[in-house]
Every structure is written in structure tokens, then in C-alpha cells.
Amino acid sequence: MPKATLRRDHPTATRLFAGCAALVLAAGCVAGCTSSSAGEVSAPPPKPLAPCAWWYGIGQPPTAGDLEVAARRYDVVVLNADQAPAMRKLRELNPRIKILVYKDLSSTRNYAGAVNGGEDAEFLPSGIGYVAAQRAHPEWFATDTRGGRIEWQGYPKHWQMTVWDPAYQQAWKSAVVAEVTREGWDGILADNDFNSLSHYSSAILTGTATAAETDRKLRDGLDAFLSLVGDALQKAGKLFVPNVSETHLLPGRWTAHSRFGGAMEENFGFRENGGSGGLLTFRGNEFQELRAQAALGESLLLLVTRTRSAQQDRAGYASAALLAGPRTCWTPATTDDYRDPEWSKLQGSGLGEAVDAAGRQPNGVWTRTFTSGWVAVNPTSSTQTVTPPEGLVPVGSPPARTMTSSPASETSSVTSAPPSSPPPPATIELAAADAVVMVKPKE
């Protein structure tokens with residue numbers, strides 16, 4: 001069975017377009033809103049709720065149990081192209097769910113499942129089949145300066161394609177738009193909209209002299225490629241959501257590449273300096289662009305945080321809550337292959353609706369208040385303090401008077417108060433790249 005293969009690109013960010021420079025408090029429903037003409041009554045502004053949950057279900061074919069769980073938990077699901085029956089079953093279980101199909105922009109593949117018995121599979125993880133390209137368009141395989149094809153390091157039988165070639169772009173667009181429309185997907189999750197070939201190969205492309213020129217050729221090609229495909233899918237009434245890489249290095253790229261339905265950040269809340277620094281998501285212009293997109297409420301933000309510890313879980317979810325708008329969705333990723341539906345207890349914390357925009361305190365800590373809770377994120381590389389509102393308790397901990405997060409142990413030490421009443425506000429110490437999620441105590 002063909003499977004999508006996990007990318008391990010580094011995180012992303014970008015620059016705002018002029019029209020997105022003003023940050024507004026998030027609004028919107030899952031479908032987004034449109035402006036009304038003069039004299040018409042506009043729809044009520046959508047609500048900036050806590051982050052919705054989504055599932056990047058590309059690891060293995062979902063079971064019947066997986067689909068039942070997904071129908072209850074998730075607003076957005078991504079599945080492999082050979083899982084159209086699962087998509088239809090999921091839609092039966094939850095007609096409101098958005099279901100995208102995985103397609104890779106930048107590679108073709110000839111591992112078992114993508115190629116069977118010497119022929120391309122009926123449903124591909126890419127837009128162009130390896131066998132079809134080999135027979136009719138071998139020029140679509142990207143080559144290095146010695147004329148050799150480029151196989152991605154760490155991903156056997158994944159071959160870099162000429163994403164800058166208009167003929168390749170047109171063929172990919174035609175095949176994918178036809179398949180998405182025919183099979184009834186809501187749109188596509190387009191993987192490997194990357195910034196640099198270096199994460200997959202050290203090769204220098206034919207016609208370029210340096211790694212920088214290679215990367216520029218790829219980026220320029222992908223810019224044009226996304227415009228072509230995005231326009232076509234938009235006309236077909238489908239979503240186009242690319243997995244954009246390292247946009248913190250290229251201001252404006254996130255905004256540009258998310259304009260056809262949204263974008264995916266696969267390394268949201270990624271920690272700098274090999275895990276010892278602050279949160280890279282807040283560097284450069286990325287966070288501002290994400291905030292602007294979330295606030296408009298017109299396109300999907302699909303956020304993934306690698307959660308190997310409780311601290312990473314807190315930092316990822318709370319950072320997503322800072323962005324929370326009508327179409328901001330977050331998921332933890334506890335494995336490298338997205339094997340099973342993911343869920344964090346923080347997703348069931350019941351924050352409610354945001355009552356203000358996220359704000360940055362002088363010490364660099366970001367906070368946001370919700371109808372039933374409050375979050376704080378310390379994206380800096382040193383411990384900072386913050387004072388929460390009265391009457392709240394941390395999710396996952398007993399009611400506490402003080403709480404100190406340790407960067408070494410990534411655990412919380414607490415001084416308990418009687419469970420019958422919430423504690424008075426106490427200063428909280430947040431370690432570098434840590435966060436806290438607090439809610440009203442249950443009756």
C-alpha cells in the first residue's frame with residue numbers, strides 16, 4: 001500500500017503581505033467567511049475558539065476504530081490517496097469533517113506500493129508516477145551536475161523532480177485536480193514545499209553552481225508551481241494546503257503559500273540550538289504571519305508539534321492557543337511515522353473562546369485569556385515569571401499555589417491547595433521554551 005513518507009525538514013515562518021499587516025482578533029467558522037456587499041447583512045463574526053484537533057493520518061491504513069475516533073475528535077484529517085474508502089466512511093460518520101489527500105509536490109517514488117509489478121499504482125503519494133515519467137518524460141527527473149538523478153538521503157526510492165519545469169507542473173496539476181475531483185476529497189495536503197534541497201541531498205542541480213543557486217531554483221519553481229495548482233484547485237472548489245518549510249528564513253513565503261486554503265507547519269514550537277534554546281516559531285516574522293492568518297479565519301493553519309515530553313506538549317498546545325482562530329488546528333506527534341491518531345489531554349482542557357488577542361509581556365512571555373482559561377508561553381531561552389488570573393488551576397496538575405517548571409526534569413513541583421476552592425494567583429516560573437495551560441476548576 002503506498003504511504004506518504006514523513007519529512008524531517010526544519011521549522012518554518014514568513015513575512016506578512018501588506019494586506020495582512022494589521023492583526024485582528026480572530027473570527028470565523030470552519031468554512032470561513034466572505035465579505036458582504038453594500039446593503040447586505042453580513043454573517044456574524046466567527047468565534048476564535050481554542051485550537052481544533054486534526055489528524056495527519058499518513059502512517060498506515062486507518063482501522064475502523066481509528067475512523068470512529070477520528071470522527072469524534074477531529075475537524076481535519078489527511079489520508080493517503082489509496083484510502084478513499086476510508087475517507088467516505090469518515091464522511092458518513094462526520095459530514096462536517098474536512099478530509100484532505102496527501103500528495104507530494106517534489107518527488108516521484110518507486111518503492112513497493114507506489115510501483116507494483118513494474119507499473120505505477122492506481123493511487124499515488126505523488127502527482128506523477130515513476131514509471132510514467134521514466135517512459136515518457138525522463139527529463140522530469142532532476143539531475144546533479146554530473147547528470148545523475150537525485151535520490152533523497154534517508155528516503156530510499158524518493159526521486160527529486162524538476163518542480164520548476166512548466167510541463168511537469170501542468171501534468172502534476174492536471175492529474176491531481178482530476179483525481180481529487182473524481183474521488184471526492186475536500187482538497188490536498190501538498191508535501192515538500194521546501195526551502196532547501198540540503199535536508200534531502202547535498203547535490204547541486206544541473207545548471208546551478210552552488211547550493212544557494214540550487215535552492216533558489218527550487219524555491220522559484222515552487223512559487224510558480226503553487227500558484228498554478230492553487231488557482232486550479234480553487235476554481236474546482238477544493239482546498240490546497242502545502243507543507244511549507246523554513247519560512248522563518250524567507251519573509252512573505254508563509255503568507256504567499258497559504259493563500260489557497262491554508263498551510264501546514266510540521267515543526268511548530270520547534271526548539272532552537274538542538275533543544276536547548278527558545279522556540280524558533282517566535283523568531284523572525286513567522287509568528288506575526290501565523291497570527292494574521294489565524295485572525296482572518298479564512299484558511300487552515302495545520303500545526304504539528306513533536307512532543308517527546310510534557311514540556312513540549314505544553315509549549316506546542318499553548319502556542320497554538322495563542323494563535324487560536326476559527327481554523328487553527330493543532331496535533332501532537334509522538335512518533336516519527338504518524339502511525340496512530342494523536343491526542344493530548346490538553347486538547348480536552350476546555351479553554352473555550354478567546355476573549356482577547358495574544359499579548360507579549362516585557363519579559364518576552366506571551367499570554368492569552370479564554371472564557372474558561374488562560375495560557376502563557378515562554379519562547380525565550382531563559383526562565384521567566386508570569387502571574388496568572390485568579391481562580392484557575394493548571395491542566396494536568398492539582399490546584400497549585402506555586403509552580404516551577406524545570407528545564408532539566410521538565411516536570412512541575414506544586415504546593416497543593418484544598419480542592420474545594422481554587423488557589424490565589426501565584427507567580428509561575430516558566431523555563432525556557434515552556435508553557436502553562438490553566439482552566440477554571442470543575443464544579
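How many bridges join strand S14 to strand S15, and do they run parallel or antiparallel? Strand S14 (residues 366-370) and strand S15 (residues 373-378) run antiparallel and are joined by 5 bridges. Two strands count as paired if DSSP finds at least two bridges between them; helices (H or I, at least four residues) and strands (E, at least two) are DSSP runs, numbered from the N terminus.

The model is predicted: local features need pLDDT of at least 70, side-chain atom pairs count only at pLDDT 80 or more, and totals for chains, interfaces and linings use all residues. Residues are numbered from 1 along each chain as its sequence is written, and side-chain values use heavy atoms, with hydrogens and water left out.

Thr-367 has Ala-376 in S15 as its bridge partner. S14 and S15 belong to an open sheet of 5 strands, in the order S13-S14-S15-S21-S17, with antiparallel pairing. Strand S13 (359-360) and strand S17 (393-394) stand at the edges with a single partner strand each, so one side of each has no neighbour in the sheet.

Strand S11 (residues 300-306) is largely enclosed by the rest of the structure, because 7 of its 7 residues are buried (under 20% relative accessible area, 1.4 Å probe, protein chains only; exposed is over 50%, partly exposed in between). Leu-300, Leu-302, Val-304 and Arg-306 point one way from S11, while Leu-301, Leu-303 and Thr-305 point the other way.

| Partner strand | Bridges to S11 |
|---|---|
| S10 (residues 262-265) | 4 bridges |
| S12 (residues 328-333) | 6 bridges |

Ala-263 stands opposite Leu-301 in S11, and Leu-303 stands opposite Trp-330 in S12.
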